[in-house]
Amino acid sequence: MYKSLLCLRYLRTRYIALASIISMTLGVATMIVVNSVMDGFSTDMRTRLRGILADVIVETNSLDGEPVTKDIKNSIQRAIGDDIAGMTETVEIYAMLSVQYGSQWQSKPVTLIGIDPETKATVGPLAQYLEHTKDNDIPNWELSPEAMAYRKEWTTRAQWMVERWNHNPPPIEQNEQVSFEEPVESSEPLPAPKFANESETASPFDQTPKPKGTHKANPTANPFGEDLKVSAFEEKEERDPSSPLPGRVYIGYGLVSFPYEDPETGKTETFQIVKPGDDVKISTVTAGQPPEPTHFNATVVDLFKSNMSEHDSSLVFCNLEYLQEMRGMIGGGEKSITSIQIKLKRPEDAAMVVSKLEEALPASKFRVRTWEDKQGPLLAAVEVESAILNVLLFLIIAVAGFGILAIFFMITIEKTRDIGVLKALGASSNGIMSIFLSYGLALGLVGSGVGVIVGLLFVRYINEIEKAITWITGRKVFDQRIYYFPEISTHVNPMMVFWVAIGAMVIAVLASILPARKAARFHPVESLRYE
Amino acid sequence: MTETLSMPHPQLSAIAIEKAYRKDKHKVPVLRGIDVDVQKAEFLSIVGQSGSGKSTLMHLFGLLDSPDIGEIQLEGQRIDDLPDHARDQIRNRVFGFIFQFYHLLPELNLLENVLSPLMIRYSTWEYWKQKKKFREDALEIIEKVGLSHRIKHRPSEMSGGEMQRAAIARALIAKPQILLADEPTGNLDSSTGKEIMNLLTNLNEQEQLTIIMVTHDNSIAAQAHRTVRLLEGQIEVLGKSHATSVPA
Ligand SMILES: Nc1ncnc2c1ncn2[C@@H]1O[C@H](COP(=O)(O)OP(=O)(O)O)[C@@H](O)[C@H]1O
Ligand SMILES: [Mg+2]
């Protein structure tokens, strides 16, 4: 009984001991925050990575792809037919995306992925990532009515311009000047309606439809004029210029939108240079040896935004068949593909499925990996980072343990006489020891308890705290343009919190064992001599 | 043997006690063959110069220390060689200690200090069950030592005399058989010392409590039934000059 009473009194009267556990509190809090952020980061990243990829990916060793023969399909079915929840074929190739903005062309390296949206949606949440597609819809390559209307509007205007300049081509110098003075906004109210009828009568229109803004440039400078393949392809059809091109793409949001800071409001605004309905130009290489450059125009159907900035600023999805055609991957009745993405009924089985597939498919042609293998370095980096941080932070708690040790020694020395008195009154050595052990435990409890609360609160309000720090320091702590995520995501793992708290308490108790044993061994007579 | 069986044992006795302290490699003998018997309800005082080993003898009686040679017997039973937990129990139940410097626990208030021997004796649960009764007992004893108005006070808020009375109350709460008082008045002025002595004499007379008291003040010692003097580590018998009221 006296043990708990004295322990409580010591807690209440020895504030110095509470000071010793502040570092423990901070250690616990930091550990919880860091782990939650790291965990949130990797959980988010995993879901997003997995959203783009699939549980298991079969890739061809060659960029030229391999024809998907009946044999291959059959061997996949035989090997893992029962485990498949969804499967899609894709062609993945490096490419350049060129977008015209004003009179300027911007080109960027991208990963071009030919997909079939319907099957692609069965292996991952594609619709969810498309800006203008409803989450429950099956994504497709049709333009939405708004995109169609927008397209009609700008193609009509472009056509009128081309008509006019064809009849009366301005000198090149003058034209360039014009292009600079031209207003940037394409939605600028031009006298388009007036010419709308004219443009319809003005067919046949022998040019490829221009991307937005082409009308500002000299038609002789139109890079698409030389695009024989496309022109030939389209000339045959004698198509309406406002109808979308056969090449269709979903473009990564980050490729065509640029965050900037509004100088007046100071808020981050985004500035988007491509909308669904616009045309873009894609350059890539054909299959075969040696690869030949090829390019084609494509109509943007939708923007792709997974919030994983690495993907959003590098991926362009294209209609699979068209890409195969452009790359010359169709031949002998077989279409080649470069990868097969498979979604499993039980994602846990991925490793087993991989080994089955490795057996079933010729290793010279195919490589089978789980999405985790494919993103291995990134995931491993996050794991190593969090392991190192955990070790370092636990050292902070250990340092706190030494603080407790030192202060406990002081307290036992200070309490020597009282310990003698307690022994004279009949307290046992174990009793004395347990006073100090429970004192240590209580300090650990308070230290880690407060640490847990502070840590959890910090995690809960981390984005607000980030904003406050940004506001105070004027520097962005978490720049969404750099990181993968729009805001700091966290994931609190209860087990982690539990173990951190337990770890801190164990350290506090361990640190009090030595002083407690020393106190218990005080000889009562010598303790009483203290005066 | 038959003699010892038929004879009633003294309540507490020290038999041929020797005790030396080791300082580096030198042995410093403090007690060199001490024999003292204390009868039930006796009030014995031990006098001697400072450093003569009075406190050491008290500590041996109270099992706070063990003799090098010799025995301490309680009712004829040797107690100095018992295992630790048994010695702890005897200290808690048989003896009550009073020290020169009171030795109250500074974190506890008067009431809690008085109750501390009971807190030590019982587990939290058992203590909780009897809490009310203990509290009443304590209040009664505090009343007896005249400190009812100081229940919630910490030792630091009390005077020396009050602290010593609190210490006496603490020694009494466990209903001890023997009270060991080491210079209980040594740190008090003479009138406060007198009050404390009155308290002790009353306890001895009214409750038949055995008291062994160490003092270096002969006038204080004179209030006891019997006085022994420690000199060069041995007992110098002073006779039972004022031991008239010792019960047979
Ligand atoms: N723990 C100890 N170590 C060494 N010497 C001690 C110790 N305790 C007491 N002494 C010595 O034993 C002698 C007797 O001490 P003590 O019993 O306290 O005397 P008293 O109470 O009569 O003044 C003293 O000389 C003292 O220095
Ligand atoms: Mg002394």
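Predicted model: local features only at pLDDT ≥ 70, side-chain atom pairs only at ≥ 80, totals over all residues.
**View 1. The open sheet of chain B.** Let's start with the four strands that make up this open sheet, arranged in the order 2-1-4-5 with antiparallel pairing. Strand 2 (26-38) and strand 5 (77-78) of chain B stand at the edges; each has a single partner strand, so one side of each is left without a neighbour in the sheet. Look next at strand 1 (residues 12-23) and strand 4 (residues 69-74) of chain B, which run antiparallel and are joined by five bridges. In this pairing, B:Ile15 sits opposite B:Glu71 of strand 4. Helix 2 (residues 54-61) of chain B lies across strands 1, 2 and 4 of chain B, and runs at about 120 degrees to strand 1.

**View 2. Helix 18 meets helix 19 in chain A.** Here helix 18 (residues 429-460) packs with helix 19 (residues 462-473) of chain A at an angle of about 75 degrees, and their axes are 4 Å apart. The two helices are therefore roughly perpendicular to each other. From helix 18 of chain A come A:Phe458, A:Val459 and A:Arg460, which meet A:Ile462, A:Glu464 and A:Ile465 of helix 19. Four residues of this contact are nonpolar and two are charged, with no polar ones.

**View 3. A:Asp349 in its loop.** You will find A:Asp349 in the loop that links strand 13 (339-344) to helix 14 (350-360) of chain A. A:Asp349 counts as buried because its relative accessible area is 18%, under the 20% cut-off. A:Val56 is 293 residues away from A:Asp349 in sequence, yet the C-alpha atoms of the two residues are 9.8 Å apart in space.

Key
Residues numbered from 1 in each chain as written. Chains lettered and ligands numbered in written order. Heavy atoms only, no water. Buried < 20%, exposed > 50% of the residue type's maximum accessible area, 1.4 Å probe, protein only. Pairing = 2+ DSSP bridges. Contact = heavy atoms within 4.5 Å. Axes fitted to C-alpha atoms, helices over the stretch in contact; angles between N-to-C directions. Parallel < 35°, antiparallel > 145°, perpendicular 65-115°, else oblique. Nonpolar A, V, L, I, M, F, W, Y, C, P; charged D, E, K, R; others polar.
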